[in-house]
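Dear colleague,

Please find the structure below, followed by a summary of what was found in it.

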Amino acid sequence: MTGVVALAAGSLVAGGLPATASIAIGPMLHSKFISPRQPGSQAQCEAQFTVPCYGPDQFQTAYNEQPLFNSGITGAGQTIVIVDSFGSPTIKADLGVFDAQYNLPAPPSFKIIQPAGAVPPFDPTDANGDVGWAGETTLDVEWAHSMAPGASILLVETPVDETEGTAGMPQIVQAENYVINHHLGQVISQSFGATEQTFPSPLSIIGLRSAYLNAARNHVTVLAATGDAGATDDSNAAGTLLYTHRAIDWPSSDPLVTAVGGTQLSLLTTGQRTQADRVWNDSTNYALNDAFSGTPGPAALATGGGISTVFARPSYQNSVAGLVGDRRGVPDISMSGACSGLVNTYDSFGGEPAGWYVNCGTSEATPLFAGIVALADQLAGHSLGLINPALYALSAARAPGVVDVTAGNNSVSFIQNNQLFTVQGFQAGPGYDLASGVGTVNADLFVPELVQAASVG
């Protein structure tokens, strides 16, 4: 069902934005060290962080991937493209350790390219730049591979940190256009974003959309994380202040991008669920916040979701116009991202102890879904391109592979300048909602349904 949304950039713009001085773009990652030698066990994470942590085998079971793997659908012949500033100097070795621990095969191919210019030497003292992006890269690569172990990985590293102004984003656009023009992959995973209101104007966003227009024309699927601050997000480049009203991120708000939100999974060690998935919201999980950050909070720690101030409602959301009005709504779909259900990664890049870390955020959800898309691409025998029309069609048809998420919300409370603020978000409910999108997936059913729905129209 690709081609339903208009490709003319100006046709999707709605309204204006207040001018500000900077654009804050960055990875959506929360990470804590747990062990130098072994990944965190469920019991260990519960003791140290008050919440469980999970490995690839549990998620493969939770998302019902094994029947697909048994039939040879592992992502073989497909390439997942992961885009990150700077990357990680040890990612190939770190993935090898991760794979050995979890009995995963090495990807058929793992290449690293820098099409927008050489990345500067790694600086282990740059905690918010090089070290932060290396951790993001590790999460992206290891967990995309976990969900589609037969797919190749292409890591696209860019040379400029996304911190303020438009610095960094032009290089990402250049790099992604290179990937698309040279047909290097079928699905692009982006675990970064900037609050729409921090851009000087809607036109400044429109000027950065060329890669998404290019992807739509060339049938490449592009994913982006919705953010980790619930119904609000950062209002300054340093990420130290939040808007005290609703706000969402771009590029996840782009109609040519599939916006991936976060859910909370409750799993046994076998991967079986103990309860249905719910919207990720740890804003008032005081014990977790204290263990992770040293202060009980409350904190703006929940899945991003809401209504765009920039983009008009795309045609594929006409069926949910009652919820989104005349604007683009996000997310489109959700996967695990909750800090109350952490995932293990391994890294050794320096600036922090080498070993195992626990992670969370929509930075986790996005590569997870990239793996699911790779499975669908293999089954289809070609890339599916813009999948959003198919997602909404499947939701409307109540396809069994689309698992509705009906519990939770993304309202957040937080203390800022010695004041307590609450930003009311959106409640999950039957069908589409602005907290979980159309829901989450049962991969064994969803993958063939997505292939079928994407072939219509």
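Is N417 buried or exposed? At 63% relative accessibility, N417 counts as exposed, where exposed means over 50% relative accessible area, buried under 20%, and partly exposed in between, computed with a 1.4 Å probe on protein chains only.

Before the other findings, some notes on the source are in order. This is a predicted model, in which local features need pLDDT of at least 70 and side-chain atom pairs count only at pLDDT 80 or more, while totals for chains, interfaces and linings use all residues. Residues are numbered from 1 along each chain as its sequence is written, and side-chain values use heavy atoms, with hydrogens and water left out.

Overall architecture

The protein has 13 helices and 21 strands; helices (H or I, at least four residues) and strands (E, at least two) are DSSP runs, numbered from the N terminus. Along the principal axes, the C-alpha atoms fill a box of roughly 55 × 55 × 45 Å. Of the 457 residues, 61% count as buried. Among the contacts (heavy atoms within 4.5 Å) with a separation of 6 or more, 80% are accounted for by residues 24 or more positions apart.

Backbone features

Most residues other than glycine have a negative phi, and most peptide bonds are trans. N417 has a positive phi of about 55° although it is not a glycine, and its place is in the loop between β19 (412–416) and β20 (419–423). H183, also not a glycine, has a positive phi of about 55°. H183 is found in the loop between α6 (169–181) and β7 (187–190) and is exposed, with a relative accessible area of 60%.

Two cis peptide bonds may be noted as well. One joins W250 and P251, with omega about 20°; P251 is in the loop between β10 (249–250) and β11 (258–267). Another joins G297 and P298, with omega about 10°; P298 lies in the loop between α9 (286–293) and β13 (306–312).

Disulfides

A disulfide is a covalent bond between the sulfur atoms of two cysteines. The structure holds two disulfides, each assigned to a pair of cysteine sulfur atoms within 2.5 Å. With bonded cysteines counted along the chain, the pattern is 1-2, 3-4.

C45 is joined to C53, with an S to S distance of 2.0 Å. This link is right-handed, with 85° about the S-S bond. C45 is buried at a relative accessible area of 0%, and C53 is buried at 2%.

C339 and C360 form a disulfide with their sulfur atoms 2.0 Å apart. C339 lies in the loop between β15 (333–336) and β16, and C360 in strand β17 (residues 355–360), so the pair ties together parts that are 21 residues apart in sequence. The link of C339 and C360 is right-handed, with 70° about the S-S bond, and both cysteines are buried.

The surroundings of T345

T345 lies in strand β16 (residues 342–347) and is buried, with a relative accessible area of 1%. The side chains of T345 and N359 are joined by a polar contact of 2.7 Å. A polar contact is a pair of N or O atoms within 3.5 Å; within protein, one must be able to donate a hydrogen and the other to accept it, and residues adjacent in sequence count only if both atoms are side-chain atoms. Leaving aside residues up to four places away in sequence, T345 touches several others, including F98, E142, W143, W356 and Y357.

The second largest pocket

The second largest pocket has a volume of about 170 Å³. On a 1 Å grid over the protein atoms alone, a pocket is an open set of points with protein on both sides within 12 Å along at least five of seven lines, and lining residues have an atom within 4 Å of a point. Grid points are joined across faces, edges and corners, and a volume is the space filled by probe spheres set on the points. Among the residues that line this pocket are L394, R398, D404, P430 and V438. Helix α12 (residues 388–396) gives the largest share of the lining, three residues.

With kind regards

Methods. 1 Å grid on protein atoms, 1.4 Å probe; cavity = no way out; pocket = protein on both sides within 12 Å on 5 of 7 lines; lining within 4 Å.
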